[in-house]
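Open the model in a viewer and keep the selection panel at hand.

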Amino acid sequence: MSATMKSWATPLAAGTFIILAVTGILMFFKVDAGYIKPVHEWLSWAMVIGVLFHTIANWKPFIAYFSRKLPLSIIGAGVIITMLSIVVPSSEKGNPKKNMFRALESAKIEMLADMTGQSSDALIGKLEGKGISNAETSMTIEEIASMNGKKEMDILWTIFE
């Protein structure tokens, strides 16, 4: 079984590595063309699958890495960097997009009406048209979402569409 798995898992891992390396470098240099970002994000799943099956097919050599200092150090550094990238905040100010969405989620309908150039009543009508009830102009997006069992982004999507 491992010989057949190697015949497709290794090429899948190698092929997706090439794609992710190129798209990742382009994203690093802020090249925003075509489908670079979605291809990078979605094909990372194919690479995960390829590497997982490549590892299974080569299990004995893979396990041998854990008995040598240099490979173990490199793998350990990878695990530590991954954990730090998840846990450590990127800056004191945080991600500007996340901050913007948090501000929108805590905004009241009347404020969003001004931002969108619509009346508060028109926004409430839009929400009601999507089955979102009990919204009032003095309520925040968070409050409306909570009352209706919806996500804040669903409410904002309706308002800004």
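Rings of Phe, Tyr and Trp (its six-membered ring) pair if their centres lie within 6.5 Å; planes under 30 degrees apart are stacked, over 60 edge-to-face, and the rest tilted. By that rule, the whole structure holds 4 aromatic pairs.

The model is predicted: local features need pLDDT of at least 70, side-chain atom pairs count only at pLDDT 80 or more, and totals for chains, interfaces and linings use all residues. Residues are numbered from 1 along each chain as its sequence is written, and side-chain values use heavy atoms, with hydrogens and water left out.

**Aromatic rings**

Select Trp 59 and Phe 62: their ring centres are 5.6 Å apart and their planes lie at 40°, so the pair is tilted. Both residues belong to helix α3 (residues 59–64), 3 residues apart, about one turn of the helix. Helices here are DSSP runs (H or I, at least four residues), numbered from the N terminus.

Trp 59, Phe 62 and Phe 66 form one aromatic cluster.

**Two helices**

Next, select α8 (residues 141–148) and α9 (residues 152–160), whose axes come within 8 Å and cross at roughly 115°; axes are lines fitted to C-alpha atoms, for helices over the stretch in contact, and angles run from 0 to 180 degrees between N-to-C directions. Show the side chains in contact (heavy atoms within 4.5 Å): Ile 141, Glu 142, Ile 144 and Ala 145 of α8, with Glu 152, Ile 155, Leu 156 and Ile 159 of α9.
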